[in-house]
Structures are given as C-alpha cells and as structure tokens.
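Student: I would like to learn how to read the pairing of strands in a structure. Could you take me through an example, step by step?

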Amino acid sequence: MVFNGFSRSTPPGTILVVAEERSFQKLPSAHFEVFFGRGQDDVHIAVGVDDPYVSRKQGLLLCDGYEWRLRNIGKLPIRLVDESMVLAGHELALRTGCTPLLVGAPAHRVHLVEVHVAGFPRPGHEIGPETPTRSPDEYELNGVERMAVVAIAQRYLRQDPSPQPVSWAQAADDLSRAPAAGVGRKWTARSVEHVVAAVRQRLATGRSPIPGILRGEMPEPVGNTLNHNLITALLRSATLAPSDLALLGDEDDDEDEFA
C-alpha cells in the first residue's frame, strides 16, 4: 500500500522530492542536505534547467534526523500554494505530507517542486477507511458574531475569484435584508465593525491565537488585511462553511455530508 508516495514500511522522516519527472528520495539522517535548482551538476534534483530566472541552487532541504526544513538560497522567493512565500535567506519547517513549492518568475514560467515527508500515526492509532472524519478545532462564535463574520466573508464562502471582505456598509445592508440576521437587531456599518473587531480581539488572544488580525501586528496601511486573515483562519479551521450563507438568505441546494 502506498501513502503520500511512500510504502507503509518507509521510515518516518524519509523525504521524497519530485520535480519535472525527476525524483530524489532520502532516508532521515542527521545533518543531511538536499539541494534543488537549475544547476544540474550541483544539485540533487534539477528544476527549470533552461529557465534563467531559477537560481542554480534555488532551495536547500535540511534534516536534523527527522525534522526537515526548507531554506531559500536562491534569488527569487519560493512560493507556496496558499500564496505565502519563503524569501531569500529564510526558512520554513516542513510538515508531514506533501508541500508543493513554486519556483520561477510568475510572468514567465513557474516550476512545481513537490516535497513529501513521511510520517505515520503512532502504533494503535492507525487511520483506516472506517475511521470517522475529524474536524479541525473550531473557534467559538455566538449567533451575532457569526452573522457579522459571514456577512463580511460572503465572497470567500461563495468561492469568488480573489475574494476580499465586503465593506462594513455592504455587510450591514445585507444583514438588514436577511430574514435570519435582521430579526430584532438594527445593523449599521458601525455595529458590524464593532462586532468583528471584538471577534478579532478575542481570537487573537485565545487558546489557539490567530496571528495577524490586530492593528499593530501588521504594517500600515492594513486595509482589508486584518479581516482577510481572520476569514482565512476561520475557513481553514472549518469554523465557517458555505452552509453559513443561509444566514444571509442564500439557498444552498448542494449540501454534502462528510462522515
């Protein structure tokens, strides 16, 4: 049986790097390095060999025995699929599973490097087809908080391309017209902003604090950044889901059941 590109007998911590139909696998060992980049003779796995925007040594994967880290030793940032970046000289700790990396100049060509790190549950904690699906740790929102956050997050929940939070005024207008959200409460741009700001303050200092959602944590001008970071964290934790759009009166006929 194969899992994440490895057999069940693969030692935890083994790394497999795949790029442009080339692959390199290495068992975990202390102080081992894996290089990737354009210089075929200087790296373990070549990527973008005919692309001058890729550095001869673009990236370095370092192992201390089990844990692997990515270090950008090239000129351009190494980008992740969530749009975050590892800048030149910076490092990223790699998690178990697959981490896709994007290298190259976006206006020209972009090359995919897949980094797989093996890791399996502890004995007695094996995962099988009958194991119930677990949900991530969700953040608590009361009814009013959920209404306000759903209103500003509606473009994300509808999966619009390149979504941004809606304005306070638009959120207030949508909430005032929504049957479930408008009952017994008068929504204004100021009241939506107040509720969402209180949510950000609480979730920035809670048990699992969300980073980048308070003014002062991010460089000015912050624009929509604080609300964007809040929304994406709530989506990743499954605190928000497309079914929440029903609070705004949206109909969702394609409700899937995950068991």
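Student: Which residue is the bridge partner of Ile15 in β13?

Tutor: In this predicted model, a bridge links Ile15 to Val117 of β13. Looking at the strands as a whole, β3 and strand β13, which covers residues 111–117, run antiparallel and are joined by 4 bridges.

Student: How many bridges does β3 form with strand β4, and in which sense do the two strands pair?

Tutor: The pairing of β3 with β4 (residues 22–26) is antiparallel and extends over 5 bridges. Within that pairing, Ala19 is the residue that stands opposite Arg22 of β4.

Student: What should I look for in the hairpin of β3 and β4?

Tutor: Look at the link between the strands, where there are 2 residues, and at Glu20 in particular, which takes a positive phi near 50°.

Student: Is strand β3 mostly covered or mostly uncovered?

Tutor: The general idea to begin with is that side chains in a regular strand alternate between the two faces of the sheet. When you then count along β3, which spans residues 15–19, you find that 4 of its 5 residues are buried, where buried means under 20% relative accessible area. For the chain, buried residues make up 39% of the 259 residues.

Student: How many helices and strands are there in the chain?

Tutor: The chain has 5 helices and 13 strands. Among its contacts with a separation of 6 or more, 49% are between residues 24 or more positions apart.

Note on methods
Residues numbered from 1 in each chain as written. Predicted model: local features only at pLDDT ≥ 70, side-chain atom pairs only at ≥ 80, totals over all residues. Heavy atoms only, no water. Buried < 20%, exposed > 50% of the residue type's maximum accessible area, 1.4 Å probe, protein only. Contact = heavy atoms within 4.5 Å. Pairing = 2+ DSSP bridges.
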